[in-house]
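Please open the model in a viewer and keep the sequence panel beside it.

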Amino acid sequence: MYHTEDKRSDKQATLRSASVPGKNSVEEVPLKPESPELLAKIYRHFREYFDKAERKRRWHIETDIPWDKCNPSLSPAIADIVETFCNVELFLPDYLSKLIPQVRANRGRAWMLANWGYEECKHSMVMSDWLLKSRHRSEEQMADMEHEVFSHEWELPYDNARAMVCYTTFQELATWLHYHNMRKIIGNEDPALNKLLALVAIDERAHYDFFRKLVGIYLEDDRAGTLEQLRRVINTFKMPAIHMFADTAKRVNEVKNMRIFDEDIYIYEVVDPIIQALGVTRKELRRRNSPREIVAMGGAG
Ligand SMILES: [Fe+2]
Ligand SMILES: [Fe+2]
């Protein structure tokens, strides 16, 4: 997604030309089985996340948004983007029903998905509420939108739970950037939308933080196996679900044109900070048997 053929830096060109999605499969570096000690550590990590969320981060759709300050005259282009965000969040039943079976024997991860699902369901509800209360969409339009969304089914982009935790880390930081950048664009033009984006962005940042630290735990336990999955994900990353919409190209262009998210942002504000925070070097991410300096990057399609 957000593939820009025209203005690509040398870095991007190098990155993409090395991309062979699906080639570096899990068989190249087998994953180390998860030990009881590792599972206990992951559960402790979840409990810290959960306890902090209960103490500091719970918010309420009805009372924490200044709904009387919705702006019906806000640019329709902004409402289109909120609708796109809302659509992506609406695939929650697919996300949960496919992710939980991968980790059902890993309590920390399974419980996290239950909690994550609760937080994500608020995101689609609060955005749906804004679209209606701001009068940018009617009840009928919202019903049509939901019908369209649920006529498609999201599938897991990777075949194992280790790759999926890497993927979720990238997806959560990218999602945070979407909301954060959108909020900067609207400023005070719509205080209700501003506030809801602020609250949702805080959640997304907390999700990113949880999953990045979880990847760190896996790197400590099984560096080679986790690096292999990290490499696959960086090579082939796409934002979830958006390619499934009937008018995907239009929606992606709207997001790119406002500089909310594009390929440069993916490299410099998602990939670079994540590998730096994980303490992973570009050399470690180089594909084995490849003379290239760095792995490929995703965003294609
Ligand atoms: Fe979300
Ligand atoms: Fe999230």
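Select V165 first: this residue counts as buried because it has 27 C-beta neighbours inside 10 Å. (A residue is buried if 20 or more other C-beta atoms lie within 10 Å of its own, exposed if 12 or fewer, and partly exposed in between, with C-beta atoms placed from the backbone.) V165 is found in helix α8. Helices are DSSP runs of H or I with at least four residues, strands are runs of E with at least two, and both are numbered from the N terminus.

The model is a predicted one, in which local features need pLDDT of at least 70, side-chain atom pairs count only at pLDDT 80 or more, and totals for chains, interfaces and linings use all residues. Residues are numbered from 1 along each chain as its sequence is written, while chains are lettered from A and ligands numbered from 1 in the order in which they are written.

**Further along α8**

Remain in helix α8 and select T175, which is found there. T175 counts as buried because 26 C-beta neighbours lie inside 10 Å. The C-alpha atoms of T175 and A201 are 8.1 Å apart in space, with the two residues 26 apart in sequence.

Next, select I202 in helix α9. Is I202 buried, exposed or partly exposed? I202 is partly exposed, because 16 other C-beta atoms lie within 10 Å. Its C-alpha atom is 7.9 Å from that of W176, a residue 26 positions away in sequence.

**The nonpolar core**

Which residues have the most contacts inside the largest nonpolar core? They are W130 and F170, in a core of 62 residues. Helix α8 gives the most to this core, with 13 residues. (A nonpolar core is a set of buried Ala, Val, Leu, Ile, Met, Phe, Trp, Tyr and Cys residues joined through C-beta atoms within 7 Å.) Centre the view on W130 and display C70, V82, A192, L193 and L196, with which W130 is in contact once neighbours within four places in sequence are left aside.

Select H123, found in helix α6. H123 is buried, because 23 other C-beta atoms lie within 10 Å. Beyond four places in sequence, H123 is in contact with E89 and V200. The C-alpha atoms of H123 and L90 are separated by 8.9 Å, and the residues are 33 apart along the chain.

Then show helix α2 (residues 36–56) together with α6: their axes come within 7 Å and cross at roughly 25°. This angle makes α2 roughly parallel to α6. Axes are lines fitted to C-alpha atoms, for helices over the stretch in contact, and angles run from 0 to 180 degrees between N-to-C directions. Angles under 35 degrees count as roughly parallel, over 145 as roughly antiparallel, 65 to 115 as roughly perpendicular and the rest as oblique. For the contact itself, colour L39, I42, Y43, H45, F46 and F50 in α2, which meet R107, G108, R109, W111, M112 and N115 in α6.

Move to R135, in the loop between α6 (107–133) and α7 (139–150). Phi of R135 is near 65°, a positive value in a residue other than glycine. R135 counts as exposed because it has 12 C-beta neighbours inside 10 Å.

**Helix α10**

Select residues 223–236, which form helix α10. Eleven of the 14 residues of α10 are buried, among them L230, V233 and I234. The cover over these buried residues includes α8 (161–186), α9 (191–221), α12 (263–278) and α13 (282–285).

**The whole chain**

Finally, zoom out: the chain has 13 helices and zero strands. Of its 301 residues, 37% count as buried. Colour by pLDDT, the predictor's confidence in each residue from 0 to 100; the chain mean is 85. pLDDT stays under 50 over residues 1–26 and over residues 291–301. Where pLDDT is low, the predicted coordinates should not be read in detail.

Key. The expected span of a helix is 1.5 Å times one less than its number of residues. Two residues are in contact if their C-beta atoms, placed from the backbone, lie within 7 Å.
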